[in-house]
Each structure stands twice: as C-alpha cells, then as structure tokens.
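Subject: Handover of a structure and findings

Dear colleague,

Please find below the structure that I am handing over to you. My findings follow it, and I would be grateful if you would read them with the structure open.

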Amino acid sequence: MKKEKTIKPKDDPMESLLRQARAGLARLVAGDVTVEEKKTYEYVSGEQHLKSEVTTSKTHLPDLATIVFVLTNLDPARWRAKPVPESAPPPGDGAAAQGDPIDLSSLSEEALRELLNTYPNN
C-alpha cells in the first residue's frame, strides 16, 4: 500500500514576520552577545593561505526604549507613559485649549500620514 504524501503549507508571511519581530524584541530587551570572526587571506604562488584570524566578542546591552515599549504594550494600565490625572476631562470632549498638545497615540499610521500631508512643514 502506498503512503500518501502530505504537503505542509508554507508559513503565513505575517506569522513569520511576527515571530521574527518577537525574537528581535526579546534580544533587545535581554541584551545579546555576538561573536564576529575576521579572516585575512594572502595569495602565494596562486594559492590562498590564511594570514590572520581575529575573533571579537561584542556585548549589546539591553535597550531602554525597547523595554519601555514592551512594558507599555504588555501592561498599559501599569506602564502608561503619561499617567492621566483623575481631574482630567475625558479624551475627545473638546476641552483642550488652543495650543495644548493633542494626543495622537490612538491614531493609526494611515491617519498620521494623512495629517502630515495636510500640514506640511513650511
């Protein structure tokens, strides 16, 4: 009896990208050590010979901006960048005075690009 061959579907590109992003964030949060090898060759009588080999170990410290990003996204109630005072009016009620900064954090990238195109730099 012949065994049927099952075809494994390829990974969804978005899943693969998400997996890579998570791994990159983990390396930036924890820090990392990379090893770099440099080899120099010389040619003698048409043959390649190793002249020197240098191995360098580089230590990458944890990135503070990445840590803040991860914490604010995993637990926004506890790690909010700017705590909202209890006396502040609810967002979107039109209580902001002219000249006060506007919170753009809830806008999508598309909406932010549209705002940039609407108000170009002089």
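With which side chain does that of Lys-58 meet in a salt bridge? The partner is Glu-36, and the N to O distance is 3.2 Å. Please bear in mind that this is a predicted model, and that the values in this message are computed from it.

**Overall arrangement**

The chain contains three helices and two strands. Their order along the sequence is α-β-β-α-α. Of the 122 residues in the chain, 3% are buried. The chain exposes about 12,000 Å², and carbon and sulfur atoms supply 56% of that area. Among contacts with a separation of 6 or more, 38% are between residues 24 or more positions apart.

Helix H1 covers residues 13–30, and its end C-alpha atoms are 26 Å apart. This agrees with expectation, because 18 residues at 1.5 Å a residue should span 26 Å. Gly-31 follows H1 and has a positive phi, near 90°.

Strand S1 (residues 32–44) pairs with strand S2 (residues 47–60) in the antiparallel sense, over 13 bridges. One of the residues in this pairing is Tyr-43, whose bridge partner in S2 is Gln-48. Ser-45 is located in the loop between S1 and S2. Its phi is positive, near 55°, although Ser-45 is a residue other than glycine. Ser-45 counts as exposed, because its relative accessibility is 74% and the cut-off for exposed is over 50%.

**Salt bridges**

The count of salt bridges comes to two. In general, side chains of opposite charge can pair when their charged atoms come close.

Is Thr-66 buried or exposed? Thr-66, which lies in helix H2 (residues 64–74), is buried, because its relative accessible area is 9% and the cut-off is under 20%. Not counting residues up to four places away in sequence, Thr-66 touches Leu-25, Leu-28 and Val-29.

Trp-79 is placed in the loop between H2 and H3. Trp-79 is partly exposed, with a relative accessible area of 37%. Leaving aside neighbours within four places in sequence, Trp-79 is in contact with Leu-71 and Thr-72. The C-alpha atoms of Trp-79 and Val-68 are separated by 7.9 Å, and these residues are eleven apart along the chain.

**A nonpolar surface patch**

Which residues make the nonpolar surface patch of about 410 Å²? They are Ile-102, Leu-104, Leu-107, Leu-112 and Leu-115. Leu-112 lies in helix H3 (residues 109–118). Leu-112 is partly exposed, with a relative accessible area of 31%; this value meets the requirement for a patch residue, because that cut-off is over 30%.

Yours sincerely

Key: Residues are numbered from 1 along each chain as its sequence is written. This is a predicted model: local features need pLDDT of at least 70, side-chain atom pairs count only at pLDDT 80 or more; totals for chains, interfaces and linings use all residues. Side-chain values use heavy atoms; hydrogens and water are left out. Patches are made of residues with over 30% relative accessible area and no salt bridge: like charges are joined within 9 Å, nonpolar side chains (Val, Leu, Ile, Met, Phe, Trp, Tyr) within 5 Å. Accessible areas come from the Shrake-Rupley method with a 1.4 Å probe; for residues, only the protein chains shown count as cover. A salt bridge is a side-chain nitrogen of Lys or Arg within 4 Å of a carboxyl oxygen of Asp or Glu. Helices (H or I, at least four residues) and strands (E, at least two) are DSSP runs, numbered from the N terminus. Buried means under 20% relative accessible area, exposed over 50%, partly exposed in between (1.4 Å probe, protein chains only). Contact means heavy atoms within 4.5 Å. Two strands pair if DSSP finds at least two bridges between them. The expected span of a helix is 1.5 Å times one less than its number of residues.
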